[in-house]
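Trainee: I have a structure open here and would like to go through it with you, piece by piece. Could you help me read it?

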Amino acid sequence: MADRDLISVIMPVYNREKYIRKGIESVLAQENVNVEMILIDDGSSDKSPRIIKEYAEKYPNVVAFYQENQGVGVARNKGLEFAHGDYVFFIDSDDYIAEGTLFKLLSCIKQSKADMCCCVYSRFFEDGTLEYEHNIKEQYRNMILTEKEYLSLMLIENSYLWSCATGKLYKKSVFDDIRFPAIFRGEDEYIVPQLMKKVKGIYLLDEVLYYQVLSKVSIVRSQLSMNNLGTTYSMLHMLEYLILMEYFDLALFRFGVATRLLKKWKNETNDKTIKKAINNQYSEYKKVAKKLIPNVSGTEKIRLKLFCVNFDLYFF
């Protein structure tokens, strides 16, 4: 297997000088697989470009690219453009993977004949304290999931397993006609509908192999700005797909998550530009609500009708 298959590991980097070495080293330490690592600096102002250049000069299977700051999605697209692998794996620059991760994921794809294999992740604070650990329902463990089963992973509280592009091994051909949007938040969820149309089989390996690190830099960047609205923009895109597929229960759930975010941001900001953008998205979410109304229960119909009348009344 190792003699035939090449895995392209793509890591976008933005101002992560304190963190990227651990992630890069975890990839280079992978055994029994052929790996090329593609590092894309997304306009960093710290020492990150120097660090990735160091690795590219030291290791023949590491290449580095540099671009102006355009976001994770655009950086990943550049990685896809230059990837030579039969398979693709995305990793964020704060994060790292366990020993044997890529071999295990590749083995699952080979054995199951799936186009995509995802492992379970855990989230840690920067000091190493565990922040979140998955608990996958038994009926979903170590098997190929249907599309509805995979999307139902969104119902796991505080989990983004279903939408994260990271921590998954894909056949490279899946991304022949899929690219991430040029937004600064929500780029992962945006491509999920395209992935669902393209992949033939999603294998869920119930093993923690991917480690997300909530660095101080990540927390600072999460402060409210216009970029946040990329998240709810992508949710709109996802909702349209869920309704199209008649997954109305999932659509109603995702609608609730999205509109609570909009309400939270509306309450938090005094920025007129952000408020105007939120109101514009509210208009788009009203269109989604009207599509959901005929397909939900009586109580939910009332709530959605209230939402269409008045954003604040709905939450009251």
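Trainee: Leaving aside its neighbours within four places in sequence, which residues is S234 in contact with?

Mentor: Keep in mind that we are looking at a predicted model. Once the neighbours within four places in sequence are set aside, S234 is in contact with I183, R185, G186, E187, E189 and Y190.

Trainee: And where is S234 placed?

Mentor: S234 sits in helix α8, which covers residues 229-244.

Trainee: Is S234 buried or exposed?

Mentor: S234 counts as buried because its relative accessibility is 0%, and the cut-off for buried is under 20%.

Trainee: What about A182, is that one buried or exposed?

Mentor: A182 is exposed, since its relative accessible area is 59% and exposed means over 50%. You will find A182 in the loop between β9 (168-171) and α6 (187-198).

Trainee: How far apart are A182 and I20?

Mentor: In sequence they are 162 residues apart, while in space the distance between A182 and I20 is 23 Å, taken from C-alpha to C-alpha.

Trainee: Changing topic to strands, how many residues of β2 are buried?

Mentor: Strand β2, which takes in residues 34-42, is mostly covered, with 8 of its 9 residues buried.

Trainee: Which strands does β2 pair with, and in what sense?

Mentor: Strand β1 (residues 6-13) pairs with β2 in the parallel sense over 8 bridges, and M11 stands opposite L39 in β2. Strand β3 (residues 62-67) also runs parallel to β2, joined to it by 6 bridges, and there the bridge partner of D42 is Q67 in β3.

Trainee: How does the chain get from β1 to β2?

Mentor: The chain crosses from β1 through helix α1, residues 20-28, to reach β2, and this β-α-β crossover is right-handed. A right-handed β-α-β unit is also made by β2, helix α2 (residues 48-58) and β3.

Trainee: And β6 with β7, are they parallel or antiparallel?

Mentor: Strand β6 (residues 116-125) and β7 pair in the antiparallel sense, over 3 bridges, and F124 stands opposite L130 in β7. The two strands form a hairpin with 4 residues between them, and in the turn G128 has a positive phi of about 95°.

Trainee: Which residues other than glycine have a positive phi?

Mentor: Among them are N142, with a phi near 55°, and E246, with a phi of about 65°.

Trainee: Where do N142 and E246 lie?

Mentor: N142 lies in the loop between β7 (130-133) and β8 (143-145), and at 41% relative accessibility N142 counts as partly exposed. E246 has its place in the loop between α8 and α9, and E246 is exposed, with a relative accessible area of 57%.

Trainee: Which residues make the contact?

Mentor: From α9 the contact is made by L252, F255 and T259, and from α11 by E300, L304 and F307. By class, the contact of α9 with α11 has 4 nonpolar, 1 polar and 1 charged residues.

Notes
Residues are numbered from 1 along each chain as its sequence is written. This is a predicted model: local features need pLDDT of at least 70, side-chain atom pairs count only at pLDDT 80 or more; totals for chains, interfaces and linings use all residues. Side-chain values use heavy atoms; hydrogens and water are left out. Contact means heavy atoms within 4.5 Å. Ala, Val, Leu, Ile, Met, Phe, Trp, Tyr, Cys and Pro count as nonpolar, Asp, Glu, Lys and Arg as charged, and the others, Gly among them, as polar. Buried means under 20% relative accessible area, exposed over 50%, partly exposed in between (1.4 Å probe, protein chains only). Two strands pair if DSSP finds at least two bridges between them. A crossover is right-handed if, with the strands pointing away from the viewer, the path from the first strand over the helix to the second runs clockwise.
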